[in-house]
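Dear colleague,

I am handing over the structure below, and my notes on it follow. Please read them alongside the coordinates.

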Amino acid sequence: MKHRTIAIAGCGVAGLACASLLRARGARVVIYDKLETPKPIGSGLILQPVGLYVLDEIGVGARMRAMGAPIKRLFGKSGRHVVLDVRYDALGAHAPHGIGVHRGALFQVLYEAALEAGAEIVSGREVASVSDGRLAFADGAHAPRFDLVIDALGARSPLSRAPEAPLPYGALWASLDWTPEFDPHALEQRYEAARKMVGVLPIGRMPDGERQQAAFFWSLKHVDRAGWAAGDLDAWKREVLALWPQTAPLLNQIMRHDDLVFAAYAHRTLREPLSRECVHLGDAWHCTSPQLGQGANMALLDAFALAMALERQDDLATALGEYARMRLWHIRLYQLASWAFTPAYQSDDRFIAWLRDVIVSPLARAPPAPAILAALVAGQIGAPLHAINKRGA
Ligand SMILES: Cc1cc2nc3c(=O)[nH]c(=O)nc-3n(C[C@H](O)[C@H](O)[C@H](O)COP(=O)(O)OP(=O)(O)OC[C@H]3O[C@@H](n4cnc5c(N)ncnc54)[C@H](O)[C@@H]3O)c2cc1C
């Protein structure tokens, strides 16, 4: 790869992964983030086989697998209806499965890898704009000029077009101690129509922790957020218990409203990841609701694609064009799938929930649907790794 100086705005999954991959290819990399101590927000997520492939490329896949919890099944019930039952082994007995991880664990492992690879990380720098290869910060200061500026500032990046509006539903999240009432290898959810949803995901342990943990989440509309925060916590717990009584040992660990963090979801994709001044990566390019559990995996794939394109092409414009082409098809497919699936799990629409329970769920159990759904969840529809690797072949 031609020796380049590269500024990465944003120290999240996309920025950190890209920093390690670019350093390994000889670039000089500086990451800027607004937080004094960069850290992840939220609870847990599923690393899919495609994301784990990229972590293996960075050299941290084995560490993440050792800390995380193997996820072999996604299972959800609405009353007596099984409405979600996706098993990775529908793709074959030895098909790779997901790994549930604490967001903090993924962040720490990627952060250490980026530092070890020689990336420079500058914290406490709020990016406001970019012009002529130079980032401008909110306090009026500027970064030096770089050959390339990468926007990895997430869903609300000031360098990217903002999402039109958050989706009506977000969720409350908490990382709690694991309790044995649940399947240790499954993401489990319970629904009432599409208006209520409670979920439990095994997420393994933190790098410095011994205890196994669970991500607990409860679907909540934006407009109901203030009412929930001002309301009676015990009354809310009774509502959750009515939907899924086995959550009692998890709810007992929640003492106050602040033990749960509200996450807003948004949906948008830029037509192109390239603007005149920078190239977009991860949620800064495309973001969705987390129903399909792909966001971090998409960010990892973007990082890998960009690093590979820059390695193969000396001309910057050619490399960036190749990056866009390698990722576009996969991203569009998943944006479409997320747009189609989200209302079935988070909306006020009773008809869509009825369709999900009575029509779609039985159909989803008939071949070849189980294998297609498993490939969708595993991040493999659209063959994203093939798209990245074949261009170098
Ligand atoms: C509740 C929830 C559950 C999810 N579950 C899953 C899942 O199961 N599987 C999955 O793959 N994905 C999941 N996702 C999505 C996933 O977390 C995101 O897609 C992923 O974190 C995107 O990474 P990123 O690096 O693009 O952005 P981010 O992780 O958002 O990182 C952006 C970084 O930029 C910094 N920053 C922002 N603005 C500025 C600024 N102006 N100046 C300087 N720094 C700034 C932030 O501090 C942050 O460090 C979930 C998301 C949410 C909210």
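Which residue in S7 is the bridge partner of Ile46? The bridge partner is Gly100. Before the rest, please note that this is a predicted model, in which local features need pLDDT of at least 70 and side-chain atom pairs count only at pLDDT 80 or more, while totals for chains, interfaces and linings use all residues. Residues are numbered from 1 along each chain as its sequence is written.

S3 and strand S7 (residues 98–102) pair in the antiparallel sense over four bridges, where pairing requires that DSSP finds at least two bridges between two strands, and where strands (E, at least two residues) and helices (H or I, at least four) are DSSP runs numbered from the N terminus. These strands belong to an open, antiparallel sheet of three with the order S3-S7-S4. Strand S3 (44–47) and strand S4 (69–71) stand at the edges with a single partner strand each, so one side of each is left without a neighbour in the sheet.

Finally, H11 (residues 369–377) is followed by Gly379, whose phi is positive, near 85°.
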